[in-house]
Amino acid sequence: MDRIRLTGGTALHGEIPISGAKNAALPLMIASLLTDEPLVLTNLPRLTDIATLARLLAQLGVEIDVLNGNDEWEPLTTRTEGRLSLGVEQAKRLAGFGPDAKYRPGGRTIRLTARTIESTHADYELVSKMRASFWVLGPLLGRCGEADVSLPGGCAIGTRPVDLHLQGLEKLGATIELDKGYVIARAKDGLRGAEVRFSMPSVGATHNVLMAAVLAKGETIIENAAREPEITNLAECLVAMGAKIDGLGSSTLRITGVDKLHGAQVAVICDRIEAGTYAMAVAMAGGDVTLTGADRSLFEAPLQALSAAGITIEDVDAGLRVARNGTPVTPVDIVTQPYPAFPTDLQAQFMALMTMADGNAQMTETIFENRFMHVQELARLGALVSLHGDRAIVSGVKALRGAPVMATDLRASVSLVIAGLAAEGETVISRVYHLDRGFERLEDKLSNCGADISRLAG
Ligand code: UD1
């Protein structure tokens with residue numbers, strides 16, 4: 001298993017290109033199940049989660065082609081004995097680890113064509129690797145009236161149930177049973193529009209029910225829908241495919257079902273979590289970096305927290321400039337909440353920054369109940385953090401010291417990188433497969449800005 005080695009103490013200078021958002025790319029890829037025409041996605045990031053989902057979609061019957069350097073479509077899926085699949089080598093290529101593994105900024109363009117749905121069974125092997133693959137349930141039900149989908153896996157950051165997904169789909173007329181770890185959903189006469197009111201704004205449940213509702217008969221109203229920009233990216237994609245949706249970006253989505261959707265071309269929005277992560281890395285290590293392609297409007301709350309911490313944030317033509325040159329970091333309290341408030345996916349990174357603030361800062365996590373697993377690893381680097389239920393009190397220290405640490409989940413692992421950038425001496429992070437799920441070529445992006453960081457294969 002690969003590890004990341006880094007030696008802290010070097011300020012960051014230069015440019016970091018921000019990739020397309022993983023959390024937008026995944027539902028956009030899944031939307032290809034809703035039409036028999038090609039869906040073309042641009043600005044796709046190179047990540048293992050993208051490859052995992054591509055393998056699942058291939059099993060369901062989605063042909064996937066990638067645009068190569070000569071502007072030609074190259075098939076990634078192959079058919080053996082009548083079954084479509086995406087092989088291990090092709091998956092590696094999609095994840096950015098193949099023979100063309102040299103780091104190059106700029107996303108990929110892929111084409112997904114679900115001429116026919118060949119299987120409505122989403123297997124445990126792939127769904128357990130990544131929670132978002134559970135979202136194939138809604139579109140499969142909408143298009144085929146049936147789906148058997150394994151209960152999901154993903155980062156171990158709490159119990160993460162799927163009750164809201166299932167209640168929403170039941171409202172649209174699906175019958176749902178659980179059998180041997182699978183959700184068996186049926187809607188033999190098709191789904192019917194209905195009012196769905198979520199008790200909390202779940203991102204995944206909104207994606208799932210939205211994709212089911214676009215092909216349902218009649219009108220669906222989703223109340224208390226999540227408003228994350230990735231949901232708006234999906235809704236805009238569905239509209240480009242011929243869906244009728246009102247209320248984009250708001251907590252009430254009104255969908256009028258249509259009989260059929262068609263192909264479209266859509267760009268994946270920039271990754272606000274990646275952009276926020278690198279902004280926090282610069283704040284931690286010091287220096288002056290331009291995050292190219294970063295869109296401030298997608299992550300105002302974390303940028304405000306960084307400004308309050310004394311970090312310079314400036315709009316520039318290419319994106320956002322982030323700088324800290326010798327000034328101390330002011331402690332800032334944050335509370336994670338649904339968009340547009342401070343995102344839970346940046347809590348661990350902000351905590352890393354606060355470990356060297358000039359005083360105490362309080363992090364309150366309201367989204368997931370088990371999202372402080374990075375605390376014990378940060379403590380190995382010398383951080384002082386005390387836990388009180390859903391609150392963590394971080395007491396800034398004068399210096400962190402490098403140590404061997406372990407990545408526990410996707411966002412927690414990157415908080416260890418951020419802390420390591422400012423720690424004295426060497427930090428080695430194991431289990432970096434967590435990082436590769438959601439951060440494209442992290443070590444290249446940081447070393448291009450002067451960080452002493454490398455990947456240890458093995
Ligand atoms: C998505 C993001 C993840 C992010 C999270 C919150 C993707 C691929 N993942 O995850 O990075 O951290 O949003 O912004 O986009 N809940 C229920 N029942 C349900 C569904 C959710 O109780 O049926 C609860 C969860 O346990 C959690 C809260 O709702 O406490 C929010 O979860 P949700 O918004 O659904 O997160 P995900 O879609 O899993």
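**Figure 1. Helices α9 and α11 run roughly parallel to each other.** In this predicted model, α9 covers residues 272–285 and α11 covers residues 347–354. Their axes come within 9 Å and cross at roughly 5 degrees. Axes are lines fitted to C-alpha atoms over the stretch in contact, and angles run from 0 to 180 degrees between N-to-C directions. Two packed helices are described by the angle and the distance between their axes.

**Figure 2. Residues of α9 meet residues of α11.** Contact means heavy atoms within 4.5 Å. From α9 come Ile273, Thr277, Met280, Ala283 and Met284. From α11 come Gln349, Phe350, Ala352 and Leu353. The contact holds 7 nonpolar residues, 2 polar and no charged. Ala, Val, Leu, Ile, Met, Phe, Trp, Tyr, Cys and Pro count as nonpolar, Asp, Glu, Lys and Arg as charged, and the others, Gly among them, as polar.

**Figure 3. The protein has 15 helices and 27 strands.** Both are DSSP runs numbered from the N terminus: helices (H or I) have at least four residues, strands (E) at least two. The C-alpha trace spans about 65 × 45 × 45 Å along its principal axes. Of the 458 residues, 57% count as buried, meaning under 20% relative accessible area with a 1.4 Å probe, protein chains only.

**Notes.** Residues are numbered from 1 along each chain as its sequence is written. In this predicted model, local features need pLDDT of at least 70, side-chain atom pairs count only at pLDDT 80 or more, and totals for chains, interfaces and linings use all residues, while side-chain values use heavy atoms, leaving out hydrogens and water.

Definitions and conventions:
Angles under 35 degrees count as roughly parallel, over 145 as roughly antiparallel, 65 to 115 as roughly perpendicular and the rest as oblique. Buried means under 20% relative accessible area, exposed over 50%, partly exposed in between (1.4 Å probe, protein chains only).
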